[in-house]
Amino acid sequence: MEKRSDFNGRTGYLDCFSGVSGDMLLGAVVDAGVEASELFARVEEVTGPEVFDWRVTREKRGYLWGTRVIVEARSRAFRSYGHIREFVEKSLLEEKHKRVVLAVFEKLAAAEAKIHNLNIEDVHFHELGSVDTVVDVIGTVLGMDLLGITSLYASPLPMGRGFISSHHGLLPGPAPATLEVLKGVPVYGTVKERELVTPTGASLLAVLCRGFGEIPPMRIDRIGYGVGTHEDDHPPNLLRLLVGIETAERLCETLVVGETNIDDMNPEFFSHLYEQLFTEGAQDVWIVPSYMKKNRPGWVLSVLCSEALLERIQSVIFRETTSSGMRWQSVRRFSLKRDSSVLETPYGSLRIKVFEVMPGLKKAYPEYADCVDLASRAGVSVREIYEYAMSQVQGVLEEDL
């Protein structure tokens with residue numbers, strides 16, 4: 001797998017054999033079991049009920065049936081990137097959802113700004129800023145949460161060809177904004193003379209997906225088919241969503257590691273840098289003391305992240321440090337399936353991290369931050385809390401098995 005999601009729960013895989021768009025993603029999550037009325041009630045809490053109408057239909061593509069979600073705007077409620085960003089920031093969305101929704105629109109705006117030589121704040125989305133796109137993005141993010149998806153993956157994306165009509169005139173396919181968004185994502189060409197991957201679909205996948213490749217090891221318990229606008233049946237114009245539980249087989253991801261040498265910076269600033277990097281989606285950050293050229297003491301700063309986040313992570317480092325250059329390399333990471341449990345102790349509730357080494361064999365450790373919090377409130381040492389928790393871990397594992 002190649003390799004962001006902020007949700008806790010299950011694994012999802014998007015089989016994009018006929019491309020992907022915002023409305024296909026909405027259809028797939030509804031077809032996989034999300035109650036449409038509940039989903040759109042939550043979206044309307046953000047946009048207001050007077051902004052759009054929606055309806056859900058069952059439609060056939062080829063020999064397969066799926067769910068099509070149709071969103072119709074009542075007003076021109078959203079305009080520029082800045083307007084959408086301000087609207088989302090002031091909305092009642094949970095913070096974890098705000099971060100993801102804003103990241104999607106930032107990707108769209110950055111792509112439009114680059115290809116049209118604009119400042120990102122001056123971007124007017126036109127097609128991308130329409131109400132249905134805003135509903136597609138918010139609805140997909142909330143839908144994945146309602147399905148309980150933690151880790152989302154997707155297949156490589158098929159690219160159509162030909163020309164696409166847009167507000168800017170006739171554009172070559174794939175759309176320039178789509179290609180800009182998909183930098184670092186595996187794609188392949190097809191003979192289809194139409195748009196297969198839309199900028200909205202591409203941006204949602206680029207932000208939500210941890211990887212692109214084959215189906216990860218999982219036990220499937222839900223399957224959803226999202227129907228696209230086109231009536232093609234070779235292949236059928238559908239997006240397939242698989243939802244299930246990852247098995248104990250090791251998850252292999254292709255990530256990137258960036259590093260830079262720093263020998264002329266106040267180390268007090270590293271704490272803020274850490275926060276900024278993790279906010280942008282870095283999976284790990286570490287600093288190793290070293291001796292630099294001219295025999296000066298310094299640090300080697302390293303960051304682990306997905307390739308899709310490389311430019312954003314690099315921008316943070318160049319902004320917040322004295323670094324003037326970075327080195328990047330691809331790495332493969334194997335990781336165990338991770339779960340959590342809650343242990344009730346005489347000091348209070350404590351989270352336990354549980355890892356599945358293989359079927360029937362697990363290991364567990366107390367969450368250190370919880371140990372510190374309980375120790376502070378109980379007036380005892382962190383070691384006392386930690387050792388008590390470890391003495392109870394076996395019981396937690398037996399219950400979990």
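R338 touches K353, V354, F355 and E367, leaving out residues up to four places away in sequence; contact here means heavy atoms within 4.5 Å. You will find R338 in strand 16, where helices (H or I, at least four residues) and strands (E, at least two) are DSSP runs numbered from the N terminus. At 52% relative accessibility, R338 counts as exposed. The cut-offs are these: buried means under 20% relative accessible area, exposed over 50%, and partly exposed in between (1.4 Å probe, protein chains only). R338 and V357 are 19 residues apart in sequence, and their C-alpha atoms are 9.6 Å apart in space.

This is a predicted model, in which local features need pLDDT of at least 70 and side-chain atom pairs count only at pLDDT 80 or more, while totals for chains, interfaces and linings use all residues. Residues are numbered from 1 along each chain as its sequence is written, and side-chain values use heavy atoms, with hydrogens and water left out.

**Another arginine**

Is R194 buried or exposed? At 11% relative accessibility, R194 counts as buried. R194 sits in the loop between strand 8 (187–189) and helix 7 (199–208). Not counting residues up to four places away in sequence, R194 touches S18, G160, R161, H230, D232 and N237.

**Aromatic rings**

A pair of aromatic rings is described by the distance of the centres and the angle of the planes. Rings of Phe, Tyr and Trp (its six-membered ring) pair if their centres lie within 6.5 Å; planes under 30 degrees apart count as stacked, over 60 as edge-to-face and the rest as tilted. Searching the whole structure gives six aromatic pairs. Two of them are set out here.

| Pair | Centre to centre | Angle between planes | Type |
|---|---|---|---|
| Y274 and F278 | 6.3 Å | 65° | edge-to-face |
| Y347 and Y388 | 6.2 Å | 85° | edge-to-face |

Y274 and F278 are separated by about one helical turn because they are four residues apart in helix 8 (residues 270–279). Y274 is partly exposed, with a relative accessible area of 26%, and F278 is partly exposed at 39%.

Where do Y347 and Y388 lie? Y347 is in the loop between strand 16 (337–345) and strand 17 (348–358), and Y388 is in helix 11 (residues 382–400), so the pair ties together parts that are 41 residues apart in sequence. Y347 is partly exposed, with a relative accessible area of 24%, and Y388 is partly exposed at 27%. Elsewhere, ring pairs link F40, F52 and W54 into a cluster.

**Nonpolar cores**

In soluble globular proteins, nonpolar side chains tend to be buried together. A nonpolar core is a set of buried Ala, Val, Leu, Ile, Met, Phe, Trp, Tyr and Cys residues joined through side-chain atoms within 4.5 Å. The largest such core has 64 residues, and L14, L157, L205 and L241 touch the most other members. Helix 4 (residues 95–115) gives the most to this core, with nine residues. Leaving aside neighbours within four places in sequence, L205 is in contact with L14, C16, V20, L25, A154, L157 and F212. A second, separate core of 17 residues includes I262, V285, L301 and L309.
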